[in-house]
Amino acid sequence: MEILIPVLVFGAVGLFLGLGLAIASKKLHVFVDPKISQIQEILPGANCGACGFPGCAGFADSAATGKASPNSCTPGGAKAASAIADILGISAPLSDPLMAVVNCKGGKKEALERSIYNGITDCHAAVIIGNGSKVCADGCLGLGSCVKACVFDALSINDNDVAVVNPEKCTGCGKCIKTCPRNIISLIPQVHKIFLACSNRDKGAKVKKYCSVGCTACTLCIKATASGTIKIEKNLPVLDYSKDENFITAKVKCPAKCFVDLVKTRPRANIDTKCAGCGECVKVCPISGAIKGENGSRHVIDKDLCIGCGICLNVCAKRAVALWGGLGYESVDKNKRLLNT
């Protein structure tokens, strides 16, 4: 009996507590939508915050409750958006994927330095101390704050001390944009390969005093782009990527060479035997001498002068012009160097 009584007492207490926990679990049960875990399994798990919610878990919860669009996860892209939409039983509006670009290429070879920075390897620290070491107040400082912020290893500092983006790794999350104290990183559609690599608002000779690849607001790029998709705002060309324009002519005509073309080798135009020799292609070609031929006779393309802009294709009534060759790319990582973190 001395042993049995304590056992019965403890057993009764345990039964009472167990019943209490069972009742509490029923009363205090919080329903978790299974769609949340299903959505979270689809997400890349970067917790980058590009969607505007606190991490992937926050986005999954918001998407399941209809507070977030299925395509809000930029790193997940169209594949994740489609899968999330299927789980929710809705259609996902798809948008063109974006990528980050650094609107500066004035490194130590092109941009003048006014001091030697010997502090913390961080762009924010350099700006606080003396607004950086460059004369240009809008140039890349090359200290890699954007590199450290990118969870996809899509940014690096090249041998010229300028940040560059690897388009193959960039997801367009925009985290680097928020990190850059100079605000010189932007997003453009991935299908476009040309962008302005300058953020300086000065103009003319003043720019040339401290950067050999700085935009001088000469407007030649505007004159070379007949589509009207480039305009000047505060001494800088602004490219309208929503229109059907490749900006090849603007890049070639820029005297300061401040545009960047991610395509290193472009196709060249070719005129076949259907050519009637009307000469319309010669009239629209932006490069003098790139198309040659007499009226009434088949014209030819000088492959060394052709820039592959494709303008001649649109004016040929006989459809005798075509672009030959494939796009050639060059790896960004070849100039990559490590940061001392």
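Where is the place of Asn131?

## Two loop residues

Asn131 sits in the loop between helix 5 (123-130) and helix 6 (145-149). Its phi is positive, about 60°, although Asn131 is not a glycine. Most residues other than glycine have a negative phi. Asn131 counts as partly exposed, at 32% relative accessibility (buried is under 20% relative accessible area, exposed over 50%, partly exposed in between, with a 1.4 Å probe and protein chains only).

Lys257 also has a positive phi, about 55°, and is not a glycine. Lys257 lies in the loop between helix 10 (248-253) and strand 8 (259-261). Its relative accessible area is 47%, so Lys257 is partly exposed.

## Basis of the model

This is a predicted model: local features need pLDDT of at least 70, side-chain atom pairs count only at pLDDT 80 or more, and totals for chains, interfaces and linings use all residues. Residues are numbered from 1 along each chain as its sequence is written, and side-chain values use heavy atoms, without hydrogens or water.

Beyond its neighbours within four places in sequence, Phe259 is in contact (heavy atoms within 4.5 Å) with residues including Lys105, Phe195, Cys221 and Leu239.

Note on methods
Helices (H or I, at least four residues) and strands (E, at least two) are DSSP runs, numbered from the N terminus.
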